Amino acid sequence: MAMLVEPGAIEHMYVVCLVQAILAQAISATRICGSLRSTLSFRMLDFGRGSRESAISLEALIKNCGRTKQWSAALRLLRDAIRFDVQLVPSHYIATVSACRKGGQWQHALSVLSEMWEAKLEPNVISYSAGISACEKGHQWQRALALLSEMLKAKLEPDVISYSAGISACEKGEQWQPALALLSEMWRGRLEPDVISYSAGISACEKGEQWQRALALLSEMRKAKLELNVISYSVGISACEKGHQWQQALALLSHILQAKLEPDVTSYNAGVSACEKCEQWQRALALLSDMREAKLEPDISYSAGISACEKGEQWQRALVLLSEMREAKLEPNVVSYNAGVSACEKGEQWQRALALLSEMRKPDVTSYNAGISACEKGAQWQRALSLLSEMRQAKLEPDVISYSAGISACEKCEQWQRALALLSEVREAILEPNVSATTLGSARARRASSGSGP
């Protein structure tokens, strides 16, 4: 049976589709100025002002701006719609808030929410959620919580999306207590947190160095039969690393494999760092080996591995890792070099320590301190004083550690005058001398035995 169409309806529908197509191109064309774009948009929409087609067209355009991250265009469309007396509904405002959120414009997102109230259009759960998410992206955790509070006052029940955005905002603001409080509110409201909610809570605990709570949330995720992903596990491993819990970190790495997931670089980096902090150099190197087998680039894991070798007084292995970095075309950073220099210092390898220092583009105070200490252990007082001089030339201020190592190097080589001169510099620099009484007493004794005057 043929469908009856009112006269002019086909033409009207064609014009609507044409308007949408032309407007979509106009909005995305950055060469068209704002005033021309606005005039084009709303003169064309004028034929259907107040009609359903006009409202749909405008909403589709604003959403398109959000998808293409043109928040300013979305905001301009809304403003001009008000100016051209286009009948607006909540969905127009929500789409604009969402566009501002995607563009990281939390201030504009909140401004649009306020305009909804002024237009006597009550914001709903969706609009609030978009505003909270905008605050999350803008690292505005206090404002995110304020919006959640406003929802409750307006007798609106926040949903999982609202809470997840609030928890994520707290996580970015490093506020683990409010994040966990929101999770508790979800449970009290009989809302089941999803993977996003839990992951944000775990990350908040990780940033707050609350490894026990992070592990507790991971356990709750398993009880809720939620599918943990590599990101959730990695954040948990990082929390254990910050809490110096290497056994727990390795256990989580094992859980990843048991769940038939592939640990990524982040997972391994946190595991290696956990082993390094707890002076487990063998396990740190084993994880580095696992990374290579999994064809993952260790990148920052190398620095943690070198540091682990330094703490375990394994200078040879530290140098091997530095060599591997170069072979992998990875540029060792200051942290990598410092750990290597310190490893050589502990292994009484002053020549190798100085060789590494010479390779560094911009050594810092820690680098020089390790080098001076290496010279002190090798009874190389001239080189120790030379490094102190280099520090000053590089506009780096020697600290107590620098001077103490230099004084000790001079004392060991019976250079008491230079030792006392350095001590005088320490006092002039208003630094608290950190030189043992034995060192200075020995220097004075040697001076007295030599029969030399002050």
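# Close-up views: salt bridges, a buried helix and cysteines

Arg79 has a relative accessibility of 30%, so this residue counts as partly exposed. Buried stands for under 20% relative accessible area, exposed for over 50%, and partly exposed for what lies in between (1.4 Å probe, protein chains only). This is a predicted model, in which local features need pLDDT of at least 70 and side-chain atom pairs count only at pLDDT 80 or more, while totals for chains, interfaces and linings use all residues. Residues are numbered from 1 along each chain as its sequence is written, and side-chain values use heavy atoms, with hydrogens and water left out.

**View A. Arg79 meets Glu115 in a salt bridge.** The N to O distance is 2.7 Å. Glu115 is buried, at 15% relative accessible area. A salt bridge here is a side-chain nitrogen of Lys or Arg within 4 Å of a carboxyl oxygen of Asp or Glu. By this rule the structure has 14 salt bridges.

**View B. Glu359 pairs with Arg326.** Their side chains form a salt bridge of 2.8 Å, N to O. Glu359 belongs to helix α20 (residues 350-359) and Arg326 to helix α18 (residues 315-327), so the pair ties together parts 33 residues apart in sequence. Glu359 is partly exposed, with 40% relative accessibility. Arg326 is also partly exposed. Its relative accessible area is 35%.

**View C. Lys377 pairs with Glu345.** This salt bridge is 2.8 Å from N to O. It links distant parts of the chain: helix α21 (residues 365-377) supplies Lys377, and helix α19 (residues 334-346) supplies Glu345, 32 residues apart. Lys377 is partly exposed at 35% relative accessible area, whereas Glu345 is buried at 9%.

**View D. Helix α13 is largely enclosed by the rest of the structure.** Helix α13 covers residues 230-242, 13 residues in total. From first C-alpha to last, α13 reaches 18 Å, close to the 18 Å expected. That expected span is 1.5 Å times one less than the number of residues. Of the 13 residues, 11 are buried, among them Val230, Tyr233, Ile237 and Cys240. Their cover includes α11 (195-207), α12 (211-223), α14 (246-258) and α15 (265-277). At the start of α13, a side-chain oxygen of Asn229 comes within 3.2 Å of the backbone nitrogen of Ile231. After α13 comes His244, with a positive phi near 55°.

**View E. Lys311 and its contacts.** Lys311 is part of helix α17 (residues 300-311). Its 30% relative accessibility makes this residue partly exposed. Beyond neighbours within four places in sequence, Lys311 is in contact (heavy atoms within 4.5 Å) with Glu276, Lys277, Glu279 and Lys346. Trp281 is 30 residues away from Lys311 in sequence, with 7.7 Å between the C-alpha atoms.

**View F. Cysteines without disulfides.** The structure has zero disulfides (a pair of cysteine sulfur atoms within 2.5 Å). For Cys410, the closest cysteine sulfur belongs to Cys413, 7.6 Å away and too far for a bond. Cys410 is buried, at 0% relative accessibility. Cys170 is buried, at 0% relative accessibility.

Definitions and conventions
Helices (H or I, at least four residues) and strands (E, at least two) are DSSP runs, numbered from the N terminus. A polar contact is a pair of N or O atoms within 3.5 Å; within protein, one must be able to donate a hydrogen and the other to accept it, and residues adjacent in sequence count only if both atoms are side-chain atoms.
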